[in-house]
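User: I would like to learn how to read the features of a structure, one at a time. Please give the general idea where there is one, and then the case at hand.

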Amino acid sequence: MKFIVSSSALLRQLQAVQGVIQTNNVLPILDHYLFDVEGRQLTICTTDLNTTMRTRLAVEGNGQAKVAVPGKILLETLKTLPDQPISLALDPKTFAVELHTDKGKFKLSGENGEEFPTLPEMTGNQQFELPSDALLTGISNTLFAVGTDELRLAMTGVKMECAGDTLSFVATDAHKLVLHKQGGIEVPASAGFIVPRKALNLLKATLPGDASPVKVSYNNTHVVFAFGDLELTCRLIDQKYPDYQAVIPKDGGSRLLLRRTEFLSSLRRISIYSSKSTYQVRLSIKGNELQLSAEDPDFSNQALETLACEYNGPDMEIGFNSRFLMEMLNNLDTAEVKLEMSESNRAGLLMPAVKDNENEDILMLVMPVMLNR
């Protein structure tokens, strides 16, 4: 069967779902796009068996076919074409694919679309909707804190918790922790599930930055995010998430108030002189003065800067990994930040000094490092 479609529109949809395809697939068919044509609609699907993306595109045609089309060669061909109507012919018997342009034709060898892995059956679903920009903010604010240690599988994803009218995003790698809460969301029941890093990276790359709705459907094994013409389905991480509430200090402690960009710029300079094994930076607070310092004993490098601040506690010295602090400050979008600390051996809490959005709340926890005396 044949259908006609815009080359640029097809390329755009292929690129939207391309991120699922891995470079070292065990099954050769996973290198392909599944083209499922029914009348005037083309459904394109990619999968790595754990994560699946699907998109739909209107075409000019009147037939039915399901063929797995080789991904790399098709994508590279379309990238070189100017925007024009192209004709694709899918042979359901030989699985050959012919692409016709105004200047010539290209023939690709496809696979049987019936052998392409099918989407999991979603049963016992719970559903809710939230604005795309709210989901995007929650993912962006937490994804950087996700762990990479496969022995701690639960920490390699972001935990999404539904309770009341609040959706919480939690990420930790045992050294730092981020808790982002998004209010004003109507959720059917209290629930929690861990979404893998890869799926979240794909969502971050494809979610629109506006308030268009995203439908979230989930059960005990999978979650589906549907928005616009795209749909992402992924297998959840079946592990118990650490009790993150137990490590968040409840007493608050002393409060240090700083301008975010000034603090971040100083850390960037100071960290250049820190040890390349610990990236340790020392914060010495006396009155309304913060002194940042670092040294690398192996090369006798040292750095020291002083910043003005607001502080309401006793004099303190505490050490942090400068990379962790910089990551956190880079992911906060606020003029001023506050750092709450109680003792030099207890976690510090970093958060915006003033909430810009009543429906959003973010808290970042960073563990201290032992100071070199």
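Analyst: This is a predicted model.

User: Which strands does S14 pair with, and how do they run?

Analyst: Strands of a sheet pair through backbone hydrogen bonds, either parallel or antiparallel. Here, strand S13 (residues 166–172) is joined to S14 by 6 bridges, and the two run antiparallel. S14 is also joined to strand S27 (residues 360–366), by 7 bridges, and this pair too is antiparallel.

User: Which residues are the bridge partners of Lys181?

Analyst: Ser168 has Lys181 in S14 as its bridge partner. In S27, the partner of Lys181 is Asp361.

User: What is found between S13 and S14?

Analyst: The two strands form a hairpin with 3 residues between them, and Ala174 in this hairpin takes a positive phi near 80°.

User: Which residues does Thr142 contact, and is it buried or exposed?

Analyst: Thr142 belongs to helix H3. Its relative accessibility is 0%, so Thr142 counts as buried. Apart from neighbours within four places in sequence, Thr142 contacts Val158, Phe169, Ala171, Val178 and His180.

User: Which strands does H3 lie across?

Analyst: H3 lies across S11, strand S16 (213–218) and strand S17 (222–227), and its angle to S11 is about 95°.

User: How should I read the sheet that holds S11, and what is its strand order?

Analyst: Read the order from one side to the other. This is an open sheet of 9 strands in the order S10-S6-S2-S3-S4-S18-S17-S16-S11, with antiparallel pairing. Its edge strands are strand S10 (111–112) and strand S11 (126–131), each of which pairs on one side only. At the S10 end, 2 bridges join S10 to strand S6 (residues 64–70), and these strands run antiparallel. Ala68 has Glu111 in S10 as its bridge partner.

User: What is the strand order in the open sheet of 5 strands?

Analyst: That sheet has the order S5-S1-S7-S8-S9, and its pairing is antiparallel. Strand S5 (60–61) and strand S9 (105–109) are at the edges with a single partner strand each, so one side of each has no neighbour in the sheet. S9 is joined by 5 bridges to strand S8 (residues 96–100), and the two run antiparallel. His100 has Lys105 in S9 as its bridge partner.

User: How do side chains lie along such strands?

Analyst: In a regular strand, side chains alternate between the two faces of the sheet.

User: Where do helices H1 and H2 lie?

Analyst: Helix H1 (residues 7–17) lies across strand S1 (2–6) and strand S7 (85–90), at about 85° to S1. H1 is mostly covered, with 8 of its 11 residues buried. Leu10, Leu11, Leu14 and Val17 are among these. Helix H2 (residues 71–79) lies across S7, S8 and S9, and runs at about 165° to S9. H2 also lies across strand S2 (32–38) and S6, at about 90° to S6.

User: Is Met316 buried or exposed, and which residues does it touch?

Analyst: Met316 lies in strand S24 (residues 316–321). Its relative accessibility is 10%, so Met316 counts as buried. Not counting residues up to four places away in sequence, Met316 touches Leu283, Ser284, Ile285, Tyr311, Met341, Ser342 and Glu343. Met316 and Ser284 are 32 residues apart in sequence, with their C-alpha atoms 5.9 Å apart.

User: What do the totals for the chain say?

Analyst: The chain has 6 helices and 27 strands. Of its 373 residues, 51% count as buried. Of the contacts between residues at least 6 apart in sequence, 66% join residues at least 24 apart. The chain exposes about 18300 Å², with 47% of it supplied by carbon and sulfur atoms. Its C-alpha trace spans about 80 × 50 × 35 Å along the principal axes.

User: How many charges are there, and how far apart are their mean positions?

Analyst: There are 36 positive and 46 negative charges, and their mean positions are 3 Å apart.

Methods. Residues numbered from 1 in each chain as written. Predicted model: local features only at pLDDT ≥ 70, side-chain atom pairs only at ≥ 80, totals over all residues. Heavy atoms only, no water. Helix = DSSP H or I, 4+ residues; strand = E, 2+ residues; numbered from the N terminus. Buried < 20%, exposed > 50% of the residue type's maximum accessible area, 1.4 Å probe, protein only. Contact = heavy atoms within 4.5 Å. Areas by Shrake-Rupley, 256 points an atom, 1.4 Å probe, with all protein chains shown as cover. Lys, Arg positive; Asp, Glu negative; His and termini not counted. Charge placed at Lys NZ, Arg CZ, Asp CG, Glu CD. Pairing = 2+ DSSP bridges. Axes fitted to C-alpha atoms, helices over the stretch in contact; angles between N-to-C directions.
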